[in-house]
Amino acid sequence: MPKLPSPPLPKALRPAPRRPGEPDEKQATTPIEVAADAGISVVDWIDERTSLSGGIRWMMFRKVPRGINWFYTLGSATMFAFLNQAVTGVFLAMYYRPDAAGGAYESVRYLTDQAFLGQLVRAMHKWGASVMIILIFMHMARVFFFGAYKYPRELTWIIGVVLLILTMAMGFTGYLLPFDQRSYWATIVGVNINGTGPFLGPYLSDFLRAGPEFGATTLSRFYAIHMMLIPGLIAALIGAHLYLVSKLGISAPPWIKAQEEPELRQTTL
Ligand code: HEM
């Protein structure tokens, strides 16, 4: 296997140590140099104890096949959309109250009309959800049409399918949270549709409602699923997905043919 070129990062991080008694010529003098040195020392300090830079280099400095194009950025774009949801969601949770007796609706109204930048953050979360769904489908379509799900990437695809289901479950559980008329009735319809599924359907709708009736605990259940259970699962599965992407390497586009090595060509049987 050809050796990977060494990335520029570690060299900059590890200047040759000064020998004992040697004058310290490179000693930082200006405040900017001192600040830069401090940063390098902190990163070095952590790396000496954890060796994390090896893992980061393994993940970031990979060879990619010839011919890859913009369609290969869709997975990273989906991840960026997820990060946007996570960050904006934390700020929304600082104001949101999962109280079915009017508190939830009021807290969202306060957040939208009064809280500093609340409307912006809420809109980023709401539009970001649609963006994430669109991107995940586009990423899946790229993987499908390029045949990138084939051996040895089947497990990457299977994890992707679970990520797709979880992402849609995020959309479904998040829709109830503003607790206005539209979200309330739409969720009742959605839960009833779930209930019509074969065998597991009735159990699933009971689980979602937190009982046989749509009640106050339904909202708490949706909130817990939306902000703790599924995001944790998605984060862990994205980690596994990216580990496999790094381990197996990215697949070449189907129209790129492997270069022929003349000396390997079989001439006699
Ligand atoms: C939260 C959702 C997802 C994230 C953040 C994500 C992220 C990524 C990233 C960053 C890559 C690297 C290459 C690229 O971007 O094309 C990738 C590759 C891949 N993804 Fe996803 N993905 C997600 C969902 C999915 C889904 C829904 C599927 C399919 C059902 C899928 C299947 C794959 C496969 C098979 C590869 C390997 C492609 C190759 O080697 O060319 N992913 N993913």
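The axes of H4 and H10 come within 12 Å of each other and cross at roughly 150°. That makes H4 roughly antiparallel to H10. For the terms: axes are lines fitted to C-alpha atoms, for helices over the stretch in contact, and angles run from 0 to 180 degrees between N-to-C directions. Angles under 35 degrees count as roughly parallel, over 145 as roughly antiparallel, 65 to 115 as roughly perpendicular, and the rest as oblique. Helices are DSSP runs of H or I with at least four residues, strands are runs of E with at least two, and the numbering starts at the N terminus.

Two notes on the source. This is a predicted model, in which local features need pLDDT of at least 70 and side-chain atom pairs count only at pLDDT 80 or more, while totals for chains, interfaces and linings use all residues. Residues are numbered from 1 along each chain as its sequence is written.

Back to the helix pair. The crossing of H4 and H10 is left-handed, meaning that the near helix is turned anticlockwise from the far one by less than a right angle; clockwise would be right-handed. On the H4 side, the residues are Met79, Phe82, Ala86, Gly89 and Ala93, and they meet Met227, Pro231, Ile234 and Ile238 of H10. Contact here puts the C-beta atoms, placed from the backbone, within 7 Å. By class, the residues of this contact are eight nonpolar, one polar and no charged. Nonpolar covers Ala, Val, Leu, Ile, Met, Phe, Trp, Tyr, Cys and Pro; charged covers Asp, Glu, Lys and Arg; the others, Gly among them, are polar.

A second pair is H8 and H9 (residues 201-209), which pack at an angle of about 150° with axes 7 Å apart. So H8 is roughly antiparallel to H9. H8 brings Val191, Asn192, Asn194 and Gly195 to the contact, and H9 brings Gly201, Pro202, Leu204, Ser205, Leu208 and Arg209. Here the division is four nonpolar, five polar and one charged.

Next, the ligand. Which helices each supply at least two residues of the shell around the ligand? They are H4 (74-93), H6 (118-145), H7 (154-176) and H10 (216-248). H7 gives the most, with seven residues. Of the 26 residues around the ligand, Gly75, Met79, Ala148, Gly160 and Ser251 come nearest; a residue is near a molecule or strand if its C-beta atom, placed from the backbone, lies within 6 Å of it. The shell divides into 16 nonpolar, nine polar and one charged.

Serine 251 sits in the segment after H10. It is buried, because 21 other C-beta atoms lie within 10 Å. The cut-offs are 20 or more other C-beta atoms within 10 Å for buried, 12 or fewer for exposed, and partly exposed in between, with C-beta atoms placed from the backbone. Leaving aside neighbours within four places in sequence, serine 251 is in contact with Phe146, Ala148 and Arg153.

Last, the backbone. Most residues other than glycine have a negative phi, and most peptide bonds are trans. Tyrosine 151 and proline 152 are joined by a cis peptide bond, with omega about 0°, and proline 152 lies in the loop between H6 and H7. Serine 51, though not a glycine, has a positive phi of about 55°. Its place is the loop between H2 (31-50) and H3 (52-60). Phenylalanine 179 also has a positive phi of about 55° without being a glycine, in the loop between H7 and H8 (181-195). Are these two buried or exposed? Serine 51 counts as exposed, with 9 C-beta neighbours inside 10 Å, and phenylalanine 179 counts as buried, with 23.

Methods: Two residues are in contact if their C-beta atoms, placed from the backbone, lie within 7 Å.
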